[in-house]
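Please keep the structure open as you read.

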Amino acid sequence: PPSLPHSTSDTPFTPTPSFPFLFPSSSPISPRHLQQSQLFTFLHPFPTAVAAMKSTSPTAAVGTALVKTPYIVKFAAVALLSLSVALLFYHHPSFPSAAFSAFTSLSSPTAVAAKNSTSTALNSTSTAVNTSSTILKVKKLPPPPPSVARRTGIVDENGAMTEDFEIGEFDPSLMEELRNLRGGGEETEKKENEPKIVKYDKFKACDGSKIDHIPCLDKSERHCPDSALDCVVPMPNGYQKSLPWPRSRDEVWLHNVPDTRLVQDQGGQYSMLVKDAKISFQDGGSDQYVNLISQVVFLVQNMVPDIDFGHHTRVALDISPGIGSFAASLFRHNVTTLLIGTKDVHKNQIQFALERGLPAMVVGFGTRRLPYASQAFDLIRSSGSGIDWTVDNGVLLLEVNRLLRAGRYFVWGGPQVDSNHELSLDDQWNEMEGLAASICWQLVKKEGNIAIWRKPLNSSCYLGREIGAQPPLCNSDEDPDNVWYVNVTACITLLPEVRNGGNVSVWPARLHSPPDRLQSIKMDAMISRKELMKAESRYWNEIIDSYVRAFHWKEQNFRNVLDMRAGFGGFAAAVNDLELTSWVMNVVPVNGFNTLPVIYDRGLLGVMHDWYAHFSTSWFLCLNRPNK
């Protein structure tokens, strides 16, 4: 350094043995070499060297000599090390105790004397000074977890019901006010843990006359009694589990149908044989009846290609169907056919059909509308016997006109069971032909006792008739889909110009295609109706497997299924997609949105009903979903 005194002596000298750690050996060292060491300024211990240095003044010489004494050097080194260790422990409280022991060993005179290397001392000093920045970092402890608030209620953190819950604090006076509002008086004291037992009496079984009981219907009208049954309708004697589909289509257990007079009286006409406690529906029997079935199928399928069973024609209605052989034949062509009949002496015709696994209902076909949507059926067939279509200005045929889809077909005809009725049938045919022409039906094909008419696609023919033509047009404000306890009127229902029921896709595309009439339903949603219908179908497609597993659907061979609140028919569509051997009757409650037009446009069956009244048909597996 510039302030270092310069020595002119070149005489070598030997280091003092008091500080052997400052020099690597005891060989002579030139003072010039010592002058080049910065450390020599602070640690020079030799009086002869200090005396040899020149000073500019006596005072400066005395000060320089005092600073360079061994005691001051030791004091400065210890102070520096102490400061470094203090800073180290301040920033790193968890510094290992080994560091402190190293510090004490360095500050001890005995340990210092044991060191023989100058570089080791220098490195120890440098390391001690810089340990505050190079020592390993110690992780800070994490903060304590926050206190968890006590939960109250019966739902756990996963949203599930739980029995382990806290009631929470409440004001007892509020409970007293609640009891007063509910009209509660003095409460009787109960013992703790005393079980509450509620006993219900079992319904007794009805007598044998109620085996085939069908409520709310007389011969042709619906009239519900003032009081319901107070007993359970019993099963027929000898009843057995129904045969699975499609075996049930061809044979049923004899004792499963309570009234066998249909078999005894008309076994030849309806082609039934009784053998081994079973009723067999065969292809043999009366040639007249077989001719009816073959002619209808042949005429409809081959003579009128536009009908196209299983594609353009998906949903059919059979009025006065006998035992359902026509419907059973159409099922082979992928056509779902609903059989309806009145409650007469052979009311078990409908029970025969249901036992066979065919859709069927007992209805009152008289003064009120049938509980089905307008333009519901792609094809309607009547056997031609038992119903006078021309009575009361053709009011019954006009009801059929309301039910028939625009541009679709009505098939009329049946076997002449008794030749004595031939004249009456001819007269009825002439009247029928004139009535059909007055409502703009086009006669497509007539062969023998079978005739097929086609309904117009629009109202142009109705509006083009002469003034005063009969039957008249219905009022424009009349809703053709208002069917619950609504009287029939002898008038023609106009077809809408838009959202016409005749504009439906072919099967099976129509099952999942939102129809035009979806937009005409009176409901809250105005824009998202298509999304609602698709969402319902997607929902049932996702969970239908759980129903099949829970009910052991395939093992039980369920065939006749009733959906008590059908919506858009999503459940029935899922059953069809899963290819289960079941058909579903979709019930639309009267107190909800009337979705019957959509259900039929999708190619499904449906009916309107008020669940506060009796249902007119039994023999179903009923599906009543929660909260519905």
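Asparagine 560 is buried, at a relative accessible area of 10% (buried means under 20%, exposed over 50% and partly exposed in between, with a 1.4 Å probe and protein chains only). Before going further, note that this is a predicted model, in which local features need pLDDT of at least 70 and side-chain atom pairs count only at pLDDT 80 or more, while totals for chains, interfaces and linings use all residues. Residues are numbered from 1 along each chain as its sequence is written, and side-chain values use heavy atoms, leaving out hydrogens and water.

Asparagine 560 belongs to strand β13, residues 560-563 (strands are DSSP runs of E, at least two residues; helices are runs of H or I, at least four; both are numbered from the N terminus). What does its side chain reach at 2.9 Å? That is the backbone oxygen of leucine 354. A polar contact of 2.8 Å also links the side chains of asparagine 560 and tryptophan 583 (a pair of N or O atoms within 3.5 Å; within protein, one must be able to donate a hydrogen and the other to accept it, and residues adjacent in sequence count only if both atoms are side-chain atoms). Glutamate 355 lies 205 residues away along the chain from asparagine 560, with 9.0 Å between their C-alpha atoms.

Now for the sheet. Its 7 strands run in the order β8-β7-β6-β9-β10-β12-β11, forming an open sheet with mixed pairing (two strands pair if DSSP finds at least two bridges between them). β8 (360-362) and β11 (442-447) are at the edges with a single partner strand each, so one side of each has no neighbour in the sheet. Within the sheet, β6 (315-319) and β7 (336-341) pair in the parallel sense over 5 bridges, and valine 315 has threonine 336 in β7 as its bridge partner.
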